[in-house]
Amino acid sequence: MHLIETIGLTKKFNGTVAVKGINLSIREGICTALLGPNGAGKTTTLNMLTGLMNPTEGSIDFHEDYSGDRRKYLGYLPQYPKFFGWMSGLEYVVFAAELAGLSKEAAKSRAKEMLELVGLAEGGNKKVSGFSGGMKQRLGIAQALVHEPKLIILDEPVSALDPIGRREVLELMKQLKTRTSILFSTHVLHDAEEVSDDIFIMKKGEIVVEGSLVKLQNTYQQPTFFIETEMEMANWLETIKQKEWLRHVKVDKNKATLTVENLQTARTELLSDKTLQELKLIKFEVAKTSLEDLFMKVMK
Amino acid sequence: MRSQWIILFKKEFRESIRNFKWLWIPTVFVLLGLMQPITSYYIADILEQFGGLPEGTVMELPPPSGAEVLTGTLGQFSQIGFLVLVLAFMGTVVTEKNQGTLIMVLVKPVSYVNYLTAKWVHLLILSLTSFVLGFVMSVYYTFLLIDTIPISQVVNGALVYALWITFVMTIVLCLSALLNSTAFVAFATLGTAILFSIFSLYAPDLMKGTPGMLATYSQQFFYLGEVESGFWISIFVTLGLILAMMIATIFLFNKKEFAKDVQ
C-alpha cells in the first residue's frame, strides 16, 4: 500500500485544465520529487493533496492506517511561506504544533527540537519579520515537521534561495529522509537527482515520465567518454564511426564526446587504438550523461 | 476540539495586544465617552470664551438632560466608534487570506468553525469592552455634572446598544471571511450600518422589527425607561440574523479554496 495514491486527479480553472487526470503513488519512507517546468501544474497538484484545493475530478487515497482528516498526517511548506510577523520563530512553531493537537508542554519541547534540527536554535527568539529568506524556509520546514507528519510536502523548497541557502536546505532534506517521507516539487533536475528516490516528471498537467531515480538512470543514462588530444581528431573519428558500441559522437577540433553502448568494450578498444595514441592524448575521461538529456527531450 | 479553539483565540488576543489594538481602541471609546458630558457641561463657557460672540451677549442655554447626553454619546460611538472598529477589524480574515498566512494555518488539522468563531469572539470581546469602558465614563460624568437617571434604564439601554454593536461586528467578520478586499469590507459594513440608521430615523415604521431600530430603542430606555412595541421582535430578529450570518459564513468558508494559483 502506498502512502498516497491519486487516480485520475484533475483540476480545471475556468475551462483551462491545469492538471489532467494524473495518477501518483507516493511510497512511504522515501523522498519523491515532482519535477517539471513552471506552469506544469506541480503546485496545483500539491495543493490538491494538502486539501487546500478541491479536485475537479479524480480521487486521493491516503494509506488506510491513517484514517480521518488527512491534514493530521501532512506537513506542508508552500512555495512562499508566510508567517505572522509579530510572532517569534519559536512562538510560531509552538503555535503550529498546538494547532495540530500537541499539548502545551509537548509543543514547546518539540518546537525547540525542530528549530535545533533546522539550525534556527539561535534565532528562535527573534521576530519572524526580521528573518532572511533562507531562515523563513527553514522555519517553514520546522513548522511542517513539528507534529511528526507521515509525509511532508514541500513546494519548490529551494527555488527562491541563494546558493548557500539552497545547499543548506538540500542537506536538511537529506537528513529528514530518515524521519519522514518527503514529496517536493522543483523545476531543477539537479535538485531532484540529488535528494530524491522517486521522480515524477510533469509537463502541461500530465505526468510524462515516472520511476525510481535508479531505474531512470539505468534506462536513460549512457556511459560517455570525454577525449582531448593535441592534434585534430576528425579523421580518426571517421575510422571508428562504424563500431557497434558507439552511439553518438560530438566533436569540436581536438575535443570529442563519445556516448557509447557498452563501457567495457569501448574502453578496451579506445585505449588500444594506435591512431588515437598518435594524436597525443591530453585527457581521457569516463563519465555518465546526466538525466538532463532526458529532461530536455521530455520538455521539448 | 475545544483546546484548539482556545489556541486560536489566544493567538488573536496576543496579536491585538502586540499591535496595540487593546490599547488604542478602548482609549478612543473612553475619550468619546468623556467628551460628550464634559462638552455638554461646559458648552456655555466654551461659547463665551471662544465663540466670538459680541460683548455683552447673555448666554441662556437650557442645560441638557442626562438622557440627551447619553444619547449623544451613543451617537458618537455610532459614528467615530464604528469607523474605528471597522477599520481595525476589516482585515481580520482578508489580510490573512491575501498574505498567505491563512493557508499555513488551514493546512493544519484546524476546524474552520474554530478558526472563525475564535476570531468572532475575540472581536466581540474587544469591541464590547471598549464600549463598556467608554460608556461607563460617559455615565459617570453625566451623573456627576449633569443629571442622574435610573440606573436600570441606563443598563437596559446599554445592553440593547451592545447587541447593535454585536450585529455590526458580525457583519465585519463575515464579510472579511467572504470578500477579497479590505476596502470593500469596510465600505459594505459601514454602508449597511448607515442605511439601517437612516431608514430607522426617517421611516421607523418600515424598519420595525429590524436591527436598525436597536439604537432607537436604547434611546427610549434612556428617555422613558420603556420601549414601544416591536422591541422584542427586533431583539430576536437581530439574534437570528447574527446566527444565520455566522452559519452561512462558516458554510461558505468551508467551500472556499484558499490556495491561490501563483503561476
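How much area do chain A and chain B bury between them, and what percentage of it is on carbon and sulfur atoms?

## The interface

Chain A and chain B bury about 2,900 Å² between them, with 62% of it on carbon and sulfur atoms; buried area here is the accessible area (1.4 Å probe) that two parts lose on being put together, summed over both. In this interface 35 residues of chain A are in contact with 28 residues of chain B, contact meaning heavy atoms within 4.5 Å.

The rule finds 3 salt bridges across the interface, each being a side-chain nitrogen of Lys or Arg within 4 Å of a carboxyl oxygen of Asp or Glu. Arg18(B) forms a salt bridge with Glu91(A), and their closest N and O atoms are 2.6 Å apart.

## About the model

This is a predicted model, in which local features need pLDDT of at least 70 and side-chain atom pairs count only at pLDDT 80 or more, while totals for chains, interfaces and linings use all residues. Residues are numbered from 1 along each chain as its sequence is written, chains are lettered from A and ligands numbered from 1 in the order in which they are written, and side-chain values use heavy atoms, leaving out hydrogens and water.

## Chain B

Chain B has 10 helices and 0 strands, where helices (H or I, at least four residues) and strands (E, at least two) are DSSP runs, numbered from the N terminus. The C-alpha trace of chain B spans about 75 × 40 × 35 Å along its principal axes.
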